[in-house]
Amino acid sequence: MQRARIRKDDVVCVISGTDKGKTGKVLQVMPTRGRAIVEGIRLLTKAQRKTQDNPQGGFAKKEASLSMSKLLLYCPEDKKGVRIRCVKEGQKQIRKCRRCGHAFDN
Ligand SMILES: [Zn+2]
């Protein structure tokens, strides 16, 4: 099984598909399905029924999940999606950028 390289609240970069090149914050990770929901990525417009809370009905933007294989962690120093390596420091696994060594977990 693949280790979860991407976690909730990470900033990630999309490397393929219609949202290629975009970055966003991870809202939810679904490890068993290998999918994640990223803020502002794969927005779907959902028609909403008229309800008591929302008497006008209308449309809501909602993020759909996408495969984590299409995501790379975004490195603020390289300003792009990067591959990471896991380094053990004391009790903790730290994820570091393979290019510049930026540590994602402090
Ligand atoms: Zn980096």
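The protein chain has a radius of gyration of 17 Å, whereas a compact globule of 106 residues would have one near 13 Å. This radius is taken over C-alpha atoms, and the globule rule is 2.2 Å times the number of residues to the power 0.38. Along its principal axes, the C-alpha trace spans about 55 × 30 × 25 Å.

The model is predicted: local features need pLDDT of at least 70, side-chain atom pairs count only at pLDDT 80 or more, and totals for chains, interfaces and linings use all residues. Residues are numbered from 1 along each chain as its sequence is written. The mean pLDDT of the protein chain, where pLDDT is the predictor's confidence in each residue from 0 to 100, is 90, and 96% of the residues reach 70 or more. Confidence is highest in strand 1, at 97, and lowest in strand 4 (residues 43-48), at a mean of 85.

The secondary structure consists of 10 strands and zero helices. Both kinds of element are DSSP runs numbered from the N terminus, helices being H or I of at least four residues and strands being E of at least two. Six strands form an open sheet in the order 6-3-2-1-7-8, with antiparallel pairing. Its edges are strand 6 (66-67) and strand 8 (80-82), each of which pairs on one side only. Two strands count as paired if DSSP finds at least two bridges between them. Strands of a sheet pair through backbone hydrogen bonds, either parallel or antiparallel.

Strand 1 (residues 11-14) is joined by three bridges to strand 7 (residues 71-75), and the two run antiparallel. Three bridges also join strand 1 to strand 2, again in antiparallel fashion. Cys13 illustrates both pairings: Leu72 stands opposite Cys13 in strand 7, and Thr23 is the bridge partner of Cys13 in strand 2.

Of the 106 residues, 15% are buried. A residue is buried if 20 or more other C-beta atoms lie within 10 Å of its own, exposed if 12 or fewer do, and partly exposed in between, with C-beta atoms placed from the backbone. The largest nonpolar core has 14 residues, and those with the most contacts inside it are Val12, Val26, Ala36, Val38, Leu71 and Tyr74. Strand 1, strand 2 (23-30), strand 3 (35-38) and strand 7 each supply at least two residues of this core, and strand 7 gives the most, with four. Such a core is a set of buried Ala, Val, Leu, Ile, Met, Phe, Trp, Tyr and Cys residues joined through C-beta atoms within 7 Å.

Beyond four places in sequence, Val12 touches residues including Ile6, Val26, Val38, Leu71 and Tyr74. Ile6 is found in the segment before strand 1. Ile6 counts as partly exposed because it has 19 C-beta neighbours inside 10 Å. Across the chain, 37% of the contacts with a separation of 6 or more are between residues 24 or more positions apart.

Terms used. Two residues are in contact if their C-beta atoms, placed from the backbone, lie within 7 Å.
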